[in-house]
Amino acid sequence: MADHPIVEFIGQAAWTMVEDKFSPYGKETLAKVIQFVNNEVLPAATLVHAQLPTDPETRWKTVIPIVAELKAKARSQGLWNLFLSKAHYPEHGVPLTNLEYALIAEVLGRGGHFASEVLNCSAPDTGNMEVLARYASPEQQEKWLKPLLNGETRSAFAMTERFVASSDATNIRTTIRQEGNEIVINGHKWYISGAGDPRCALHLVLGKSDPNNSDKYRQQSIVIVPANAPGVKVIRPMQVFGYDDAPEGHCEIIYENVRVPVGNLVLGWGKGFEIIQGRLGPGRIHHCMRCVGAASSALDLMIQRVTDPAKKTFGKFLYEHGTVVAEIAKSRAEIDAARLLVLSAAAQIDRHKAKGALKEIGIAKFVVPSMACQVVDRAIQAYGAEGVSQDTKLAYMYSGLRTLRLADGPDEVHIQQIGQRELKRAPALAKRTAEVKRKEKALLDKHGVKSKL
C-alpha cells in the first residue's frame, strides 16, 4: 500500500505510530482534507484578504464570498463538522476520533485562520456546538445548535471580562438573575471572539447567578443570549497587535438589562463551571493541533527563504550564515515533539474524555503555542523586514499564536496546575525511595559490605 499523503507533512515515523489507530474512514477523510487544503484553501488565502473591505463600517458587515463558496464545496464533499466525534455525540457527530481529528486539524492549521471555518470547524463555534450538543435541552438544540451545525449562523462565547482578572473565572462580575419567567443579564465583557460577525446569532454568556453560594464553583450559570437582543451593545472590536480579525473580531460588549426567557438557561442554575470545563478541554487541544500545523507552515517558509538564490547576502545563501541551520533543526525537533504531546492528549480524550486527560491537555496548552511562537519568530528573522510586514503571513500568524498563550487560560494557570499535580506524587516517591533503600541495605548486609553513606 502506498504511503498516505499525510507522510509528507508529519513524516513516516509519526504516521507509523498512529496509522493502525485510524479507521478506513479516518484515513480517507484525512486524505480528502489534505487535497482540499492544497487545491482550494491555500490558493484562496490572498483572495480572502482582498475580499474583506478595509472600510471600517463594511468590513464588519461582510460575509467573505470565497469563504462562503468554499464552505459549500467542503460540505458537498462531506468535509463538515469533523471536530464533533460520534463517539461522544452520537446524534450530531461524525465517525472520527479525537486522535484522527488531531492530524486533520494540523493540516487545517497550515491553511490559516479561515481554513477551519470553511469546514465548519473553527472557534468559537466548535466549543459552543459541543456545549449545546452535550448540555442543551432538545428545544435549545433545535433552535440554536442545528443552524450552527448547518453553517447557517455563527456564535460567541462571552466569559472574559474587562476590569477584573478573569483568568480566574470566579472573579467575573456579570450578573444573571431571574425575574418571573425571564432572566436578566448585566455585565461588561471583552475579547469576545465571533461577536463581530454579521452571522453571529447567539452569545453563550457566563455570569454569576448565586454570588453568595459557599461553593465558589456553583455561583455561575450560562445563558443563551440572542445576538440581537435589546441591551446587547457591541462597543468595539478589540485589536491584537493591531489586527482586528474582522469579520469575527474580538469584541468588547456591554449587556445592559438584557432579558431572555428562563428557557435559555443552559443545563441549570449553578452549572456554569461544569459547562466551561467540559467546553475548554477539547477546545484547548483543537488550538494546539492547529498550532502544530501553523508552526510547520512557518518552517516551510523559512526553508524556502534561506535557500532562495535571490536572497543571498555577501555572496552566500542565508543558510550558510551563522546558526540558521541549527535554528531549522531546533524547529523541526520542537514541532515533532509537540505533535507527540498533542496526539497523546487526543488519544487520552478518546479513552477517558476530557476530564481524564487534564494533565495531557494542560501540558500541551502551555508547551505547544510557545513552541509555535518560537518557530514563527525564527522564520520572521530569516525574512527580515518582510517577515513583520503584511506581505507574508508570518506576522499575522504570530499574533494569533501569541494570543493563544492567554486564551482559554494563560500559560501560568496551566503550569501551576501541572506543577501542583506533580507535587502530589511526593509521598509516593518518598515511599518508593525508602523501599529501594531498605532493599539496598539488606543486600549490602547479606554480602558483608558496609555502606559508606
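Trainee: What share of the contacts in the protein with a separation of 6 or more is accounted for by residues 24 or more positions apart?

Mentor: In this predicted model, residues 24 or more positions apart account for 73% of those contacts. The secondary structure of the protein comes to 14 helices and 7 strands, and 50% of its 453 residues count as buried.

Trainee: How do you know whether the radius of gyration agrees with that of a compact globule?

Mentor: For 453 residues, a compact globule would have a radius of gyration near 22 Å, and the protein has 24 Å, so the value agrees with that expectation. Along its principal axes, the C-alpha trace spans about 85 × 65 × 45 Å.

Trainee: Why are α11 and α12 called roughly antiparallel?

Mentor: Helix α11, residues 358–383, and helix α12, residues 394–404, pack at an angle of about 160 degrees, with their axes 9 Å apart. Angles over 145 degrees count as roughly antiparallel, and the two helices are therefore given that description.

Trainee: Which residues of α11 and α12 meet, and how do they divide by class?

Mentor: On the α11 side they are Lys-365, Pro-369, Ala-372, Cys-373, Val-376, Ala-379, Ile-380 and Tyr-383, and these meet Leu-394, Met-397, Tyr-398, Leu-401, Arg-402 and Leu-404 in α12. By class, the residues of this contact divide into 12 nonpolar, no polar and 2 charged.

Trainee: Which residues make the contact of α11 with α13?

Mentor: From α11 come Leu-358, Lys-359, Gly-362, Ile-363, Lys-365, Phe-366 and Ser-370, while α13 contributes Asp-411, His-414, Ile-415, Ile-418 and Arg-421. This contact divides into 5 nonpolar, 3 polar and 4 charged residues.

Trainee: At what angle do α7 and α8 cross?

Mentor: The axes of α7 and helix α8, residues 138–149, come within 10 Å and cross at roughly 145 degrees. The crossing in which α7 passes α8 is left-handed. Asp-125, Met-129, Leu-132 and Ala-133 of α7 make the contact with Gln-141, Trp-144, Leu-145, Leu-148 and Leu-149 of α8, and by class there are 7 nonpolar, 1 polar and 1 charged residues.

Trainee: Why is Thr-97 called partly exposed?

Mentor: The relative accessible area of Thr-97 is 29%. Buried requires under 20% and exposed requires over 50%, with partly exposed in between, so a value of 29% makes Thr-97 partly exposed. Thr-97 is placed in the loop between α4 (65–76) and α5 (98–109). Leaving aside residues up to four places away in sequence, Thr-97 touches Ser-85 and Asp-350. From Thr-97 to Ala-310, the separation is 213 residues in sequence and 45 Å in space, C-alpha to C-alpha.

Trainee: How do you know whether the peptide bond from Ala-246 to Pro-247 is cis or trans?

Mentor: Omega of that bond is near 0 degrees, and the bond is cis. Most peptide bonds are trans. Pro-247 lies in the loop between β6 (232–238) and β7 (250–261). A cis peptide bond also joins Ala-123 and Pro-124, with omega about 0 degrees, and Pro-124 has its place in the loop between α6 (113–118) and α7 (125–135).

Key
Residues are numbered from 1 along each chain as its sequence is written. This is a predicted model: local features need pLDDT of at least 70, side-chain atom pairs count only at pLDDT 80 or more; totals for chains, interfaces and linings use all residues. Side-chain values use heavy atoms; hydrogens and water are left out. Axes are lines fitted to C-alpha atoms, for helices over the stretch in contact, and angles run from 0 to 180 degrees between N-to-C directions. Helices (H or I, at least four residues) and strands (E, at least two) are DSSP runs, numbered from the N terminus. Angles under 35 degrees count as roughly parallel, over 145 as roughly antiparallel, 65 to 115 as roughly perpendicular and the rest as oblique. Contact means heavy atoms within 4.5 Å. Ala, Val, Leu, Ile, Met, Phe, Trp, Tyr, Cys and Pro count as nonpolar, Asp, Glu, Lys and Arg as charged, and the others, Gly among them, as polar. The radius of gyration is taken over C-alpha atoms; the globule rule is 2.2 Å times the number of residues to the power 0.38. Buried means under 20% relative accessible area, exposed over 50%, partly exposed in between (1.4 Å probe, protein chains only). A crossing is left-handed if the near helix is turned anticlockwise from the far one by less than a right angle, and right-handed if clockwise.
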